[in-house]
Amino acid sequence: MQLKLIPAAIALVLLAACGAQDAPAPAAAPAPTQASSAAAVQPSTPQFSTAVTGELTVAGLAELPPGFQLSVRLLDVTDPSQVPPVVAELSSPAPSLLPAKFSLPYDPAKISAEGRYAVLAALVIENVPLYSSAAPTPVLTQGNADRVSLELVRGGGQADTQIAPTEKMKQEFGALERSIGGFQRVTGERMNDDVTVGWDAFIAGGKVRFAREQVDYGDAGSASFRYAFQDGKPWVIVREQRGRSSWLGWNAAGELILNEGERGAVIEADEAERLRAQAAEVMSLASRGN
């Protein structure tokens, strides 16, 4: 098997971030001039009079070796169910010293007062984002400013913007379901239209994270439900009925962003809220039975 060597630049950054004290101190490099430092973070894209500006920091890191690229993107996050379109971006050699300032020009014609926008930054080496924003930071509209202060963290949220939030939600639901074997299991019953329905739920860290139940609707057949919970609230609901699956999912702000009914139809708002209340009831019963 061929071993993959760690790039020297990444190794240097990891040593610096961990504060390795046994390594010999490198010779002091000439401090970059203000002009050269500013030039390092300027975009090569067309210039506009409007720009998102700010400062980048990485906790415990004050210097970068050569080879890093700075990436800053302005994203349109108006539709939380879709991969956010890029409104503006810059990519240039990263500054050698941190903190560093940046300026990202954007076309004001692409900004809607009713829309929502966010900026995401990353320090990239060999196409790998070694440090990036933990999550996109809101800017420009909805009361947000055009200046931000971004603290980059190891890994960060750069990769999360490459797939639709709904697809990521499905992946995380699947990962949670696969892990319930290690959770505490509780069982119980509830009444559904004068019919007793049995359920089982799975608890981790003192919180209900997952639940299942099978409901018999008589002549209409039966349906199975799987519920996932986050922060004490219904997060994702999957209904299996007549061999077809329906999905509902809410983001951290309580917005319904995943809504896939049978054969591509959208689940009506009243039905979605009824299913959410059904999931909340099971979660409440499981919490009391814990």
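**Strands and salt bridges**

Reply: In the hairpin formed by β12 and β13, two residues lie between the strands, and Asp-231 takes a positive phi near 55°. Please note that the model is a predicted one.

Me: In which sense do β12 and β13 pair, and over how many bridges?
Reply: Strand β13 covers residues 233-241. One of its residues, Glu-240, is the bridge partner of Ser-224. The two strands pair in the antiparallel sense, and the number of bridges is eight.

Me: Which residue in β12 is the bridge partner of Val-215?
Reply: Strands β11 and β12 run antiparallel and are joined by seven bridges. In β12, the partner of Val-215 is Ala-223.

Me: How many salt bridges does a search of the whole structure find?
Reply: Side chains of opposite charge can pair when their charged atoms come close. A search of the whole structure for such salt bridges gives a total of 13.

Me: How many residues apart are Glu-177 and Arg-226?
Reply: The side chains of these two residues, Glu-177 and Arg-226, meet in a salt bridge, at 2.9 Å from N to O. The pair links distant parts of the chain, with Glu-177 in helix α3 (residues 165-178) and Arg-226 in strand β12 (residues 222-230).

Me: Which residue is linked with Glu-177 and Arg-226 in a network of salt bridges?
Reply: Glu-177 has a relative accessibility of 25%, so it counts as partly exposed. The network of salt bridges that holds Glu-177 and Arg-226 also includes Glu-240.

Me: Is Asp-200 buried or exposed?
Reply: Asp-200 lies in strand β10 (residues 195-204), and its partner Arg-212 lies in strand β11 (residues 207-216), 12 residues apart. Their side chains meet in a salt bridge of 2.6 Å, N to O. Arg-212, at 33% relative accessibility, is partly exposed. Because a residue under 20% relative accessible area is classed as buried, Asp-200, with 8%, is buried.

Me: Why are Glu-271 and Arg-274 separated by about one helical turn?
Reply: The side chains of Glu-271 and Arg-274 meet in a salt bridge, at 2.9 Å from N to O. Glu-271 is partly exposed at 24% relative accessible area, and Arg-274 is partly exposed at 37% relative accessibility. Both residues belong to helix α4 (residues 269-289), and they are about one turn apart because their spacing in that helix is three residues.

Key. Residues numbered from 1 in each chain as written. Predicted model: local features only at pLDDT ≥ 70, side-chain atom pairs only at ≥ 80, totals over all residues. Heavy atoms only, no water. Salt bridge = Lys/Arg side-chain N within 4 Å of Asp/Glu carboxyl O. Helix = DSSP H or I, 4+ residues; strand = E, 2+ residues; numbered from the N terminus. Buried < 20%, exposed > 50% of the residue type's maximum accessible area, 1.4 Å probe, protein only. Pairing = 2+ DSSP bridges.
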